[in-house]
Amino acid sequence: MSEAVYVLDLFGVAVFAVSGSLAAGRKRIDIFGVLVLALVTALGGGTLRDLLLRDGDVFWIANTVYLLVVLIAALFTFFVVRVLTIPRRWLLLFDAVGLAVFTMIGADKALAVTDSGVLAVVMGMMTGVVGGMLRDVLLSEVPLVLHKEIYATATLAGAIAYVVMVTLGAPYAASVVVSIAVTLGIRLAAMRWGLSLPLFALRKAKP
Amino acid sequence: MSEAVYVLDLFGVAVFAVSGSLAAGRKRIDIFGVLVLALVTALGGGTLRDLLLRDGDVFWIANTVYLLVVLIAALFTFFVVRVLTIPRRWLLLFDAVGLAVFTMIGADKALAVTDSGVLAVVMGMMTGVVGGMLRDVLLSEVPLVLHKEIYATATLAGAIAYVVMVTLGAPYAASVVVSIAVTLGIRLAAMRWGLSLPLFALRKAKP
Amino acid sequence: MSEAVYVLDLFGVAVFAVSGSLAAGRKRIDIFGVLVLALVTALGGGTLRDLLLRDGDVFWIANTVYLLVVLIAALFTFFVVRVLTIPRRWLLLFDAVGLAVFTMIGADKALAVTDSGVLAVVMGMMTGVVGGMLRDVLLSEVPLVLHKEIYATATLAGAIAYVVMVTLGAPYAASVVVSIAVTLGIRLAAMRWGLSLPLFALRKAKP
């Protein structure tokens, strides 16, 4: 992982920690509960990815700077939100940026370990969405990713974009930028224009 | 794993993927949310088993055919259900078949790795029920396995049957068939006649 | 792990199994559902810790006595509670003892494997709280740890106490006792006097 991607990864962890902390505001959660939600949201996806890939230590065990970033981001959010009103749109924006960065990094790590494009796409999506899924499950809500406009679609497209770019021999930096741009672009467009895929409902028998 | 058991395993993955997809119809879930639910339901139990047993790669990482089967089963369900009404009984039947197959395979893998009958029973049950538990948790419901007629009982009996058969030196094929028959028989009988174990409720203090 | 700590660990597993079983009484759960909840509550935290630390087998796979303890504790609870009314206070007390013991043991194991104080604190907390979180999530409730008076605070303080004692070169027994006393003391004090941290709520825009 290049230095630039490492910085992006820390940034993704920070924004997901903020997203987890802000989500805590939806329920009556105390400050350490906020910290737990921030940790789960920011580290959950990458932790599952690293457990599955079995390639050395889980990232935040190998490098505890990630824990420090989550701690700072959670405390920052907790205290700032007591003074400032943060619009819900910001939460969704933070979530979208984290999703784009984590998707790319998950695909990148999986490709390095398994050399399989299919697994890279699955691991990219997993890294992007699992933290937020755990966040929502802990708050007793149906995860955003299951029903929200074009959420899984965005991470799927971003992961595929990364794998295709790398397979075509594109420079590393270009692959990184294109993947993030694809995920973020689709997700922001979906939010901006309220796009969504057709929902799935079981047909009810006629009375 | 013999060829016949591999085919059974793929079949179990397919029916659990269908079960996960159909469950999505209970909430407002889009097509990629359906795919996520199908993946979690079909692969969740075996993934936890393989992570715990630490015996080589997780099955769907070692062989990505499993991912393909989930994808096809989920898409098939998504589009077929738009045209045909699938009775709820079928969902329960698919779930029962998946439960029986996964219980046997989990017990088989654990026995091969740990040589412990107790662990084989626990891993068999875990492989059978964890996917469905995750499915229900993601949909914000109390898992079927915790309160439904004779669900955990069926998988427990099937896992024990497998371990006993193998310990007694029965042929592999016989052990496989008996284990599946036991789980499936108990589960179907429970569904057919609405059997259930006594439920557990805390005694309330008299007013 | 010394013999005394091994006994404490078994005790922690037993009390968390009781706590998981009693929680089942809040919903309509059958006897095997009770067993599943007991297993998840008693073994969940340590399992995640061992998966993350990657240091040999997960504790209950290496030593199946843990499974036996959970089984006995769950059956005991199931049948005793049918005859005796157990006050809710006892459930909270059992939960507090399990939290204190597991926090210390998690910090101890992580310190032995990683030699990092920060990871020892995180792993201590994780070992203490994850089982109860899974229990509450399976029952479709927001986990106690996220909103209950001084729950995460107690485990955080106990884990830090252990790491500080060990770093200062205190005898093993003293570190163990002080850590457990700190977690338990804070948790019981919080329960006794209903202490809680300020809760976090998003500010609503003025109408």
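Modeller: Let us begin with a definition: the expected span of a helix is 1.5 Å times one less than its number of residues. Helices (H or I, at least four residues) and strands (E, at least two) are DSSP runs, numbered from the N terminus. The model is predicted; local features need pLDDT of at least 70, side-chain atom pairs count only at pLDDT 80 or more, and totals for chains, interfaces and linings use all residues. Residues are numbered from 1 along each chain as its sequence is written, while chains are lettered from A and ligands numbered from 1 in the order in which they are written.

Biologist: Where does helix 2 of chain C bend, and by how much?

Modeller: The bend at a residue is the angle between axes fitted to the seven residues ending there and the seven starting there. For helix 2 of chain C that angle is about 50° at Leu43(C). After this helix comes Arg54(C), with a positive phi near 50°.

Biologist: Why is helix 2 of chain C called largely enclosed?

Modeller: A residue is buried if 20 or more other C-beta atoms lie within 10 Å of its own, exposed if 12 or fewer, and partly exposed in between, with C-beta atoms placed from the backbone. In helix 2 of chain C, 21 of the 23 residues are buried, so the rest of the structure largely encloses this helix.

Biologist: What makes Ala96(C) a buried residue?

Modeller: Ala96(C) has 22 other C-beta atoms within 10 Å, and the definition asks for 20 or more; Ala96(C) is therefore buried. Ala96(C) belongs to helix 5 (residues 88–114) of chain C.

Biologist: Which residues are in contact with Ala96(C), leaving aside its neighbours within four places in sequence?

Modeller: Two residues are in contact if their C-beta atoms, placed from the backbone, lie within 7 Å. Under that rule, Ala96(C) is in contact with Leu184(C), Arg187(C) and Leu188(C), its neighbours within four places in sequence being left aside. Thr183(C) is 87 residues from Ala96(C) along the chain, and their C-alpha atoms are separated by 8.0 Å.

Biologist: What describes helix 6 of chain A?

Modeller: Helix 6 of chain A covers residues 117–138, and its 22 residues reach 32 Å from first C-alpha to last, close to the expected 32 Å. This helix bends by about 35° at Val129(A). Helix 6 of chain A is mostly covered, with 20 of its 22 residues buried. Just after this helix, Ser140(A) has a positive phi of about 60°.

Biologist: How do you know that the copies meet through different surfaces?

Modeller: Only 11% of the interface residues of chain C are also interface residues in chain A, so the copies meet through different surfaces.

Biologist: How many residues take part where chain C meets chain A?

Modeller: 28 residues of chain C are in contact with 24 residues of chain A. On the side of chain C that touches chain A, the largest share, five residues, comes from helix 6 of chain C. The residues of that side divide into 20 nonpolar (Ala, Val, Leu, Ile, Met, Phe, Trp, Tyr, Cys and Pro), six polar (the others, Gly among them) and two charged (Asp, Glu, Lys and Arg).

Biologist: What is the confidence in chain A?

Modeller: pLDDT is the predictor's confidence in each residue, from 0 to 100. Chain A averages 86, and 89% of the residues score at least 70. Over residues 202–207 of chain A, however, the pLDDT is below 50. Where pLDDT is low, the predicted coordinates should not be read in detail. For the complex, the predictor gives an ipTM of 0.82 and a pTM of 0.87.
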